[in-house]
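Me: Could you help me read a structure before class? I would like to go through it step by step.

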Amino acid sequence: MNFLYYCQGEDGSLLNAVREQLGESHRLFDWLNDTDIPLKDIDAAIVWLPPDEFFNGLDNLTHVFALAAGVDHLLQHPSLPAEVNVVRLRDAGMAEQMAEYALYGTLHAQRKMQEFSNAQINHQWSHDISAKAAFETRLGILGAGALGTKVAQRLSLNGYPVKCWSRSEKQLPSPIQSLHGQDTIDEFLNQSDVLVCLLPLTEATQGILNSELFEKLPPGAFLINPGRGGHLVDNDLISALDSGHLSGALLDVFHNEPLVAEHPFWNHPQVIVTPHVAAKSVPAKSAEQIIYSINCVERGETPPGLVNRLRGY
Ligand code: NDP
Ligand code: OXD
């Protein structure tokens, strides 16, 4: 097979890892640096955030291997033909990092670290701020996929009561509780003192983090969103924080990235902003997974991580 590669903002380590593992039997073209790319001979692309014109002229393309777990950008790509198969990464070293990110946010909320930071600014010795114990801080994870499941396991080991919510039924190891479907969402939200969003961004999940959802969370709940910016209605979050119903938020993803300098999240005293770094794919593991998927395709098998384009993930 012939491959065309594009990865926005990478330092070359991922490209090298893919090249090395692909070996001599395949040709790999680098969109940014190679000239005279035989577009009509390209069978598959390996990409992260390719430019709008990227797929133009790739008339024989059958597969796109996403260098990411989330494929929302790719499925909305203006030049990607509807019939091309899209394959995404599953974990590839990201789940551990995501578990750390969620643990950090959960500790921040549970131990009331924002209140101590604010008190420090005023040189206040706020000895009377008291935190709940981990076992009293209920964690709710929207999404029980590759990342949500790992977050659940890690946080459960740290003593937090954990519930996951997904589209289809799951059997997760005890004591993690698993709920699924629209009928259970209210029960799930009512018992989530810390809510982590690890859903894919699809038509069904766009704007899911809105006022109506926030009202169902217990007073003082804390939001962690490393999913996608499109899950969140920004102004609804600001209202829920300003009214005191939510105590804070840790946000990693935004409608437009980089987050514009004027955005109110930057200066909001109860918001922590991180620049889409919750979990970065690990080059060697990503390359290994892509090569495994390529081998599956060449054997005529369905590669793990094949995206259902109608469902959107
Ligand atoms: P998966 O596809 O493995 O898991 C998605 C989960 O969401 C599944 O449990 C799925 O349910 C559930 N889900 C999807 N749609 C719905 C719905 N309408 N209602 C209820 N549940 C739903 O994804 P990953 O765990 O690999 O990744 C999740 C997201 O994390 C990515 O799409 C990406 O946006 C984000 N991400 C962010 C990163 C960062 O650094 N900030 C890094 C990597 C990923 P079911 O199991 O029933 O299908
Ligand atoms: C991903 C991401 O989806 O890094 O992999 O956001």
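Me: Which residue has a polar backbone atom 3.1 Å from an oxygen atom of ligand 1?

Reply: That residue is A279, whose polar backbone atom lies 3.1 Å from an oxygen atom of ligand 1, and please keep in mind that this is a predicted model.

Me: And how much of ligand 1 does the protein cover?

Reply: On its own ligand 1 has 950 Å² of accessible area, and the protein covers 92% of it.

Me: What about G145 and G227, how far are their polar backbone atoms from an oxygen atom of ligand 1?

Reply: For G145 the distance from a polar backbone atom to an oxygen atom of ligand 1 is 3.2 Å, and for G227 the corresponding distance is 3.3 Å.

Me: How many residues surround ligand 1?

Reply: There are 29 residues around ligand 1, and the closest are R88, A144, S168, K170 and Y313. Sorted by class, that shell holds 16 nonpolar, eight polar and five charged residues. Helix α3 (94-110), helix α5 (146-157) and strand β7 (162-166) each supply at least two residues of the shell.

Me: Which side chains have an N or O atom 2.8 Å or 2.6 Å from an oxygen atom of ligand 2?

Reply: The side chain of R228 has an N or O atom 2.8 Å from an oxygen atom of ligand 2, while for the side chain of H276 the distance is 2.6 Å. Taken alone, ligand 2 exposes 210 Å², and the protein buries 84% of that.

Me: Changing topic, how many disulfides does a search of the whole structure find?

Reply: The search of the whole structure finds zero disulfides.

Me: Is C7 buried or exposed?

Reply: C7 counts as buried because its relative accessibility is 10%, which is under the 20% cut-off. C296 is buried too, with a relative accessible area of 2%.

Me: Last one, is L157 buried or exposed?

Reply: L157, which lies in helix α5, is exposed because its relative accessible area is 75%, and the cut-off for exposed is over 50%. From L157 to P175 the C-alpha to C-alpha distance is 9.6 Å, although these two residues are 18 residues apart in sequence.

Key:
Residues numbered from 1 in each chain as written. Chains lettered and ligands numbered in written order. Predicted model: local features only at pLDDT ≥ 70, side-chain atom pairs only at ≥ 80, totals over all residues. Heavy atoms only, no water. Near = heavy atom within 4 Å. Polar contact = N/O pair within 3.5 Å; in protein donor to acceptor, adjacent residues only side chain to side chain. Areas by Shrake-Rupley, 256 points an atom, 1.4 Å probe, with all protein chains shown as cover. Helix = DSSP H or I, 4+ residues; strand = E, 2+ residues; numbered from the N terminus. Nonpolar A, V, L, I, M, F, W, Y, C, P; charged D, E, K, R; others polar. Disulfide = S-S within 2.5 Å. Buried < 20%, exposed > 50% of the residue type's maximum accessible area, 1.4 Å probe, protein only.
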